[in-house]
Structure formats: C-alpha cells, structure tokens
Amino acid sequence: MTMKVLYGTGPEDIKGYDTERLRGEFLITDLFAPDAVKFTYTHVDRLLIGGAVPVAKSLTFGSGAEIGTPHLLSAREMGIANLGGSGTVIVDGHGFTLQNRDVLYVGRGAREITVASQSADAPARYYMNSVPAGADLPHRLIPRQEARPLELGDARRSNRRRLAMYIHPEVAPSCLLLMGITDLADGSIWNTMPPHLHERRMEAYCYFDMAAEDRIIHLMGRPEETRHLVVADGEAVLSPAWSIHMGAGTGPYAFVWGMTGENQEYNDVTPVAVAELK
C-alpha cells in the first residue's frame, strides 16, 4: 500500500497556478494499477481516495501507520465501489461479493481488508473513499439494484442523467460519508448542471467507463474565475467546498461522487447560474 499526501489550497492560491500545479493539487491520475493498492490523503476534510486492482493475486491492506492510528479504519469509515469485473472483499473475515456498480460500506473499526477478483481476465476495479467517523455502524453491501435512482436534467440541454445514491441516509446510513454513481444518458455530455457550491461539504469525482481516447473537461474554481482540468478514464478530481464542479465529456462516461463535511443534506447547495460563470 502506498499513500500520497495533498495539503489543500484556497481560492486565492490557484490564481497563479499553471496547468502542472493545478493538476498536481486537484487531480489524482495514478489510482488504478495492477496488483497494487494506492491511496491519496488530502487535508481537504481529511478525505482518503484509494484504488485497487487485484489481477494475479488478492491484495490486503488495513495498517494505520501512514495516518497515525492502529488501523486505517480505527477512526474512519469507507465506501468501496467496484467499477470493474466481479470480485470479493473480505473485511475481518466477513466476505462480500461485489458485482460491477455494487458498493460496500465499511464501518469504523475494521482492521483488515482483502480485495480479490473472480477472473484475472476481467479484474475488479475497486474505488475507495474514506473519511473520519464518530460512530460505529455495521458493514453493508449495497447492490446496484438497491441504490436509489434520481432522474435529472433535460435532453435539450444535453445534461440528462441518472444519479444513484448508495451510501446515503435514505439507502445505507453512515456517519458523514455520502457516495453514489451518476450515468449520462445517450447524447448528453454535461454533468452536475446547473453548477453549484456547497460550503459545508467537499466532494470528489472519479470518472470511469470512458474510452481511452476520450476526455472530460472538468470545470472548477470560483464562479467568477473558473479553471479547468482535462481528465481521463479512472482519474479522480478533488472539489473543495469553495469550488464549483461541472464537466462535459467527449464521449460516454460515468462518475462516482463522494462527499463529506458538516452534514449529509444532499440539497444543502448554492446553485450558480451558468450565465454568471467567467
């Protein structure tokens, strides 16, 4: 297991960032590597973002040495989304089978996690979000069919999409983590429209199910002074509370969204009119 650390920045800081610095602070490009577990620790609400792709062998992690606790989840909860082929996740001896688009909630206190794929030809691709937690809640598998769907957007505006809530008070409770998956309808390219801010929560996106040649143009920054990131399949974007987040793709795509902060009120947002963006 490896772990990179990002310290977070404010809106005034990014005024002078070039492309390399902006990508270094907000874009995680090396999440998924064969037979490796990779985490990035960000001081933006102390979110951990992780990726694991077990191909030739199972992968075990759980040490808290990198974050100063006995175990990685001694004081944290975690969501694990399978974005690849069928696989299994074992949490302290308790096994769960995850199909594509299933999500596992792992409660605070878990000691050891082992991830595996059912086939090396179609390996599982595990994407993880972990945040500090102040309550003990049971582990729970949320299959794709048990997620709560919301149909959003307008085909005429090219932003028709289906948002599925997995780790959410109305589906599977957690302490502070929210997690779900959004799919764009055929012919739509824009996500999260209209853009918005949520001052009391940060968010992270992991874009996936993209062709190798396609890219997402992810807009971020303050509404009056936006910036952009060009994002490939399997890359994740950090979105601090002070930043908008919206994007358009050159081809079909989906994304996992994860949030944490002061509350779990999904509608605690401040919309920003597109006409106000600069």
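For this tour, Ala, Val, Leu, Ile, Met, Phe, Trp, Tyr, Cys and Pro count as nonpolar, Asp, Glu, Lys and Arg as charged, and the others, Gly among them, as polar. The model is predicted, so local features need pLDDT of at least 70 and side-chain atom pairs count only at pLDDT 80 or more, while totals for chains, interfaces and linings use all residues. Residues are numbered from 1 along each chain as its sequence is written, and side-chain values use heavy atoms, leaving out hydrogens and water.

**Start with the whole chain**

Switch to a cartoon view and you will find one helix and 24 strands (DSSP runs numbered from the N terminus: H or I of at least four residues for helices, E of at least two for strands). The chain's radius of gyration is 18 Å, close to the 19 Å that the globule rule gives for 278 residues, so the chain is as compact as a globular protein of that length. That radius is taken over C-alpha atoms, and the rule is 2.2 Å times the number of residues to the power 0.38. Along its principal axes, the C-alpha trace spans about 55 × 40 × 35 Å.

Colour by accessibility next: 54% of the 278 residues are buried (under 20% relative accessible area, with exposed over 50% and partly exposed in between, using a 1.4 Å probe and protein chains only). Among contacts (heavy atoms within 4.5 Å) between residues at least 6 apart in sequence, 71% join residues at least 24 apart.

**Select the largest pocket**

Centre the view on Leu163, His196, Tyr266, Asn267 and Val269, which lie nearest the centre of the largest pocket among its 27 lining residues. On a 1 Å grid over the protein atoms alone, a pocket is an open set of points with protein on both sides within 12 Å along at least five of seven lines; a cavity is a set where a 1.4 Å probe fits but cannot get out, and lining residues have an atom within 4 Å of a point. The volume of this pocket is about 490 Å³, meaning the space filled by probe spheres set on the points, with grid points joined across faces, edges and corners.

Now show the strands β13 (148–152), β14 (161–167), β18 (201–208) and β23 (254–261): each supplies at least two residues of the pocket lining. Coloured by class, that lining has 14 nonpolar, eight polar and five charged residues.

Pick out Thr42 in strand β3 (residues 37–42). Thr42 is buried at 1% relative accessibility, and beyond residues up to four places away in sequence it touches Leu6, Leu47 and Leu238.

Val230 sits in strand β20 (residues 225–231) and is partly exposed at 32%. Draw a distance to Ile216, 14 residues away along the chain: the C-alpha atoms are 5.7 Å apart.

Val55 lies in the loop between β4 (48–52) and β5 (59–61), partly exposed at 29%. Its C-alpha atom is 5.7 Å from that of Pro123, 68 residues away along the chain. Leaving aside neighbours within four places in sequence, Val55 is in contact with Pro34, Asp35, Ala120 and Pro123.
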